[in-house]
Amino acid sequence: MRYPGVDNGPASWSAAVELCVQAAHNGIAHAVLTPHFRGKPYAERIARLSSRLIRLREALTDRGLAMEVALAGECRFDSFLHQAIQSGDLPWLGRWDDDYVVLIEFSDTRLPAKIVPAIEWMRARRIRPMLAHPERIREVQAMPDVLAPLVASGLLLQVDADALAGGRGPYAQGAARALLQRGWVGVLASNAHDLVRQPPRIEPGRIAAAEIVGEALSWELVAHRPARIAAMHFPALAQA
Ligand SMILES: [Fe+2]
């Protein structure tokens, strides 16, 4: 989910709280917020966003909403991400086995050059990159198998649940289905930005996933696996 008053998320605190209310109505009890990190040093942005997280938690408590929120980020694959990995100032999405997970994004057109050595470089530092909305990348839409060497190197994929359900158009849906059929999707997540255009909605995507991979795996993708990753932020989920 996005963040109040930050990049292209909800425009106000009340809109952010309403987004959380709708997420809760849609069965979401824990949300990891992933504002963009791109084109700027990380440390200062993490500090600023952390204080906003405290304010959001207070606003949710005032509203009487029993929803837990944590801060991570969606990190553009650029030189600032490289610097942040070297300094250790990263907005972690969570843990994957013994490694730390960072949510990354590429441009919507094509995969970056020399991406496999970059993934290997991260993995050597016990970091698992997870790629946000791979189904949106036009090169992937044209040929999903272009991701094969990246997945083989350990890149995790986070597909937008609404894209799988058809909410992002036929090309994104086709790519999302192809990635799921190949067994490459690590998690299905909400790409919630607002109440209308990109709402906090996962269930239509889970139903679409169940038609391809079965009911049990669909729940693994939307609930069990995300809970294990996010248990770093929400310790109670470790027992779930
Ligand atoms: Fe993104």
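Is the crossing of H1 and H2 right-handed or left-handed? The crossing is right-handed. A crossing counts as right-handed if the near helix is turned clockwise from the far one by less than a right angle, and left-handed if anticlockwise.

## Ground rules

This is a predicted model: local features need pLDDT of at least 70, side-chain atom pairs count only at pLDDT 80 or more, and totals for chains, interfaces and linings use all residues. Residues are numbered from 1 along each chain as its sequence is written.

Helices (H or I, at least four residues) and strands (E, at least two) are DSSP runs, numbered from the N terminus.

## Helices H1 and H2

Helix H1 spans residues 13-25, and helix H2 spans residues 42-63. Their axes come within 10 Å and cross at roughly 65 degrees. Axes here are lines fitted to C-alpha atoms, for helices over the stretch in contact, and angles run from 0 to 180 degrees between N-to-C directions.

H1 brings Trp 13, Ala 16, Val 17 and Cys 20 to the contact. H2 brings Leu 56, Ala 59, Leu 60 and Arg 63. Two residues are in contact if their C-beta atoms, placed from the backbone, lie within 7 Å.

Strand E8 covers residues 156-160. Five of its five residues are buried, so the strand is largely enclosed by the rest of the structure. A residue is buried if 20 or more other C-beta atoms lie within 10 Å of its own, exposed if 12 or fewer, and partly exposed in between; C-beta atoms are placed from the backbone. Leu 156, Gln 158 and Asp 160 point one way from E8. Leu 157 and Val 159 point the other way.

E8 pairs with strand E7 (residues 127-132) in the parallel sense, over three bridges. E8 also pairs with strand E9 (residues 185-189), again in the parallel sense, over four bridges. Strands pair if DSSP finds at least two bridges between them. Gln 158 has a partner in each neighbour. Ala 132 stands opposite Gln 158, and in E9 the bridge partner of Gln 158 is Val 187.

## The nonpolar core

The largest nonpolar core holds 61 residues. Such a core is a set of buried Ala, Val, Leu, Ile, Met, Phe, Trp, Tyr and Cys residues joined through C-beta atoms within 7 Å. Leu 164 and Leu 188 touch the most other members. Helix H8 (residues 170-181) gives the most to this core, with five residues.

What does Leu 188 touch, not counting residues up to four places away in sequence? The list is Val 159, Ala 161, Leu 164, Ile 202, Gly 205, Arg 206, Ala 209, Leu 221 and Val 222.

H8 and H9 pack at an angle of about 45 degrees, with their axes 10 Å apart. The two are therefore oblique to each other. Angles under 35 degrees count as roughly parallel, over 145 as roughly antiparallel, 65 to 115 as roughly perpendicular and the rest as oblique. H8 passes H9 in a right-handed crossing. Arg 177, Leu 180 and Gln 181 of H8 meet Ala 209, Ile 212 and Val 213 of H9.

Helix H9 (residues 203-213) and helix H10 (residues 215-230) have axes that come within 7 Å and cross at roughly 135 degrees. That makes H9 oblique to H10. This crossing is also right-handed. On the H9 side, the contact is made by Arg 206, Ala 209, Ala 210 and Val 213. On the H10 side, it is made by Glu 215, Leu 217, Ser 218, Leu 221 and Val 222.

Glu 215 lies in H10. Glu 215 is exposed, with 12 other C-beta atoms within 10 Å. Its C-alpha atom is separated by 23 Å from that of Met 130, 85 residues apart along the chain.

Ala 223 is partly exposed, with 18 other C-beta atoms within 10 Å. Ala 223 and Leu 237 are 14 residues apart in sequence and 10 Å apart in space, C-alpha to C-alpha.

## Positive phi in two loops

Most residues other than glycine have a negative phi. Lys 114 has a positive phi of about 55 degrees although it is not a glycine. Lys 114 sits in the loop between strand E6 (99-105) and helix H4 (115-124). Lys 114 is exposed, with 9 other C-beta atoms within 10 Å.

Arg 126 has a positive phi of about 65 degrees, and it is not a glycine either. Arg 126 is found in the loop between H4 and E7. Arg 126 is exposed, with 12 other C-beta atoms within 10 Å.
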